[in-house]
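Here is a short briefing for a first look.

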Number of protein chains: 2
Amino acid sequence: MKFTITRATFIKSLNDVSRAISTKTTIPILTNLKLDLTDTALILTGSDADISIESKIDATSETNDLQVQSTGSITLPARFFSEIVKRMPEKTMTVDVQDNFQTVITSGQSEFKINGLDANNYPRLPEIAAENPLTVPADVLRQLIAQTVIAVSTQETRPILTGVHIQIQNGQLIAVATDSHRLAQRVLELPAAAGADYDVIIPGKSLIELGRTLTDEIETVEIRFADNQVLFIAGNTLFYSRLLEGNYPDTSRLIPTSSTTTIEFDAPTLLSAIGRASLLSHESANNVVRLNLNADQQTATIYGNSPDVGNVEEALQFTNLTGDNLEISFNPDYMKDALQGVGQTTIELAFTAPLRPFTLVPSEDKTHFIQLITPVRTFS
Amino acid sequence: MKFTITRATFIKSLNDVSRAISTKTTIPILTNLKLDLTDTALILTGSDADISIESKIDATSETNDLQVQSTGSITLPARFFSEIVKRMPEKTMTVDVQDNFQTVITSGQSEFKINGLDANNYPRLPEIAAENPLTVPADVLRQLIAQTVIAVSTQETRPILTGVHIQIQNGQLIAVATDSHRLAQRVLELPAAAGADYDVIIPGKSLIELGRTLTDEIETVEIRFADNQVLFIAGNTLFYSRLLEGNYPDTSRLIPTSSTTTIEFDAPTLLSAIGRASLLSHESANNVVRLNLNADQQTATIYGNSPDVGNVEEALQFTNLTGDNLEISFNPDYMKDALQGVGQTTIELAFTAPLRPFTLVPSEDKTHFIQLITPVRTFS
């Protein structure tokens, strides 16, 4: 195997597949990057067994400037090879696999010889057929990921909760995540032509990495499901993730359908105030802020307290406070994550009782994105 | 004590003095920031006992927008107070010290109450008289610091080598640092009016922090020496550092005065090549690269090697290679630091023998900045 390529082209694909390569793997060859060269394309592959990413560089595209001298495959230590490629002196470089998988990388006067490993020992990726693929706009998928992964559990005690539950049914895609303290649910309306129904759980970590590969250049993403894998096709990049096995809890009954107190806030303004209140709650044993809503006097006040450091009190700006008076305590970090998920908009909070979960929805569209936060019992 | 101030003005001074405040101090009050308010100025002080920084905000300057309601002093927990000040909602804020050192900080609707400590318990800064002050351009001082601190020892086995030796004599300022593997010496010509002679050792860490406070706005720095302290005055900021006690080794005799082989390189080009060679040397037990200079054939070649990963060989671009042929091995990280210190220029390397220190000087001025690197014995 021997090829010459523009370094910038190669580095772009290398960065994409490197996301999947971990130095902490129990399978040594997965610390390597795989290169497969045919007459028509160079394919880079990286994998950590959970996620695998393939990036294809087309030999027929003139902008890629890929010259194939001889075809073949090799795996090379990913971290070193990346460092070498990025530091080479000239615009192009040549990679030449010689005897015993020794690989020579040259650029200008610089010549590296590094020890590769046989590509035949690299795990094979699953083949996922193109039955009933689903195509979604990349920016919508990126937003859906950002809005749900915040509520994924980071604890391995209930592994199923480390994933995002994706249901495709009745022309909708419903994505839900919960760590049992909070929940985020995002609904996408699918085009009428959408195919079969699916019910899968995708690891949150996979979706976070997928989100990072969805750059602005990518317009649409094709999603294909198999028994225990999902494949996302974005431009020349193939992103594979294993699925989590098991049954996701039924979350639909958790979402309250009525409320006794509602209030609207400008999300960025509330986010700033919560940030200030959390400065003190972060210093106390129970990381909790207190929100007092007085519909009679039309006031909303937030309180943070740390016995060692001091306390904070802030009268909040709001609109449309209606219903019963209420005092409720919650973890401000959950509220910060939730507010960051909605962005620059107005939100509605709806409460039923001081110890019942409350909801947070964008005022302009209350059905496609809903977040739930469970309050904390306090004795102050 | 009570004042109202534009937050942006306060934050600038706060950032300056915060450099001196460490959370890892054995003197609890030093985790606090001190505020002293008179009718004419607000003075902020931070200290970690080694370094103390004072920043003065003038009440008579209209741009500072400082309104003094009542004078006094307080110390406040630095990290919290900074976070609070930076997150406040309005352009201005009011700080009001009440009973028992409790301090109320308000901005818009946000009101924090935090627990302060009596400013009388804060250590006093030394008074350093203005005898024989020395004034140097800030950019020259910043460069001198950057060029010498790289060679300061980070090991406490010989504490004296953790400082930079500064000698002021015969109308020159000579700054030298060495960790016994390499040495950097920078000489400044002082204006004729310069005062008394000094011989002091300033901790490298202090100079690194000082360098960070010397922003582009600052034009000159006044330096005052006392028995065990040095004071740098830069605009409204006073930067105090303790001095190291003891005798610095005589380094003048270490610098070779003759050579048998010399060669010139473009510093950034050599830096790139050394960076590549070090990718492999970093993976071997002894972090060493090998340089072969052949004056007969007019070649210069660098080699890096790691038994596990592979090797690299690169023919270097150079000018003016004269003298004996030579093969020498050295730590590439020392060379990288040295080349970063000289910047975008041409440098001359001068060698005497494979195991004798070699020198690195800018080609355009070989007397005011000289660096020494001790080679490594290898058996390859």
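Where in chain B is the place of Ser278(B)? Ser278(B) sits in helix H5 of chain B. Helices (H or I, at least four residues) and strands (E, at least two) are DSSP runs, numbered from the N terminus.

This is a predicted model, in which local features need pLDDT of at least 70, side-chain atom pairs count only at pLDDT 80 or more, and totals for chains, interfaces and linings use all residues. Residues are numbered from 1 along each chain as its sequence is written, chains are lettered from A and ligands numbered from 1 in the order in which they are written, and side-chain values use heavy atoms, with hydrogens and water left out.

**Chain A overall**

- Chain A holds six helices and 26 strands.
- The C-alpha trace of chain A spans about 80 × 50 × 35 Å along its principal axes.
- Chain A has 380 residues, and 52% of them count as buried. Buried means under 20% relative accessible area, exposed over 50%, and partly exposed in between (1.4 Å probe, protein chains only).
- Among contacts in chain A with a separation of 6 or more, 66% join residues 24 or more positions apart. Contact means heavy atoms within 4.5 Å.

**Annotated domains of chain A**

- An unreviewed UniProt entry places "domain: DNA polymerase III beta sliding clamp N-terminal" at residues 1-126 of chain A. UniProt positions are given in the numbering used here, feature names are shortened, and annotations may be inferred rather than shown by experiment.
- Residues 1-126 of chain A are 17% helix and 43% strand, with the end C-alpha atoms 24 Å apart.
- The UniProt annotation "domain: DNA polymerase III beta sliding clamp C-terminal" (unreviewed entry) covers residues 253-376 of chain A.
- Residues 253-376 of chain A are 21% helix and 42% strand, and the end C-alpha atoms lie 20 Å apart.

**Helix packing in chain B**

- Helix H5 (residues 267-281) and helix H6 (residues 332-342) of chain B pack at an angle of about 160 degrees, with axes 9 Å apart. Axes are lines fitted to C-alpha atoms, for helices over the stretch in contact, and angles run from 0 to 180 degrees between N-to-C directions.
- H5(B) and H6(B) are therefore roughly antiparallel. Angles under 35 degrees count as roughly parallel, over 145 as roughly antiparallel, 65 to 115 as roughly perpendicular and the rest as oblique.
- The contact residues of H5(B) include Leu270(B), Ile274(B) and Ser278(B), and those of H6(B) include Met335(B), Lys336(B) and Leu339(B).
- Ser278(B) is buried, at 1% relative accessible area.
- Beyond its neighbours within four places in sequence, Ser278(B) is in contact with Val289(B), Pro332(B) and Lys336(B).

**Loops and positive phi**

- Most residues other than glycine have a negative phi.
- Phi of Asn100(A) is near 55 degrees, a positive value. Asn100(A) is in the loop between strands S7 (92-97) and S8 (102-107) of chain A, and counts as exposed at 74% relative accessibility.
- Phi of Ala49(B) is near 80 degrees, also a positive value in a residue other than glycine. Ala49(B) is in the loop between strands S3 (41-47) and S4 (51-58) of chain B, and is partly exposed at 44%.

**Ala49 in chain A**

- Ala49(A) lies in the loop between strands S3 (41-47) and S4 (51-58) of chain A.
- Ala49(A) is partly exposed, with a relative accessible area of 45%.
- Ala49(A) touches Ile27(A) and Leu30(A), not counting residues up to four places away in sequence.
- Ala49(A) and Tyr240(A) are 191 residues apart in sequence and 9.6 Å apart in space, C-alpha to C-alpha.
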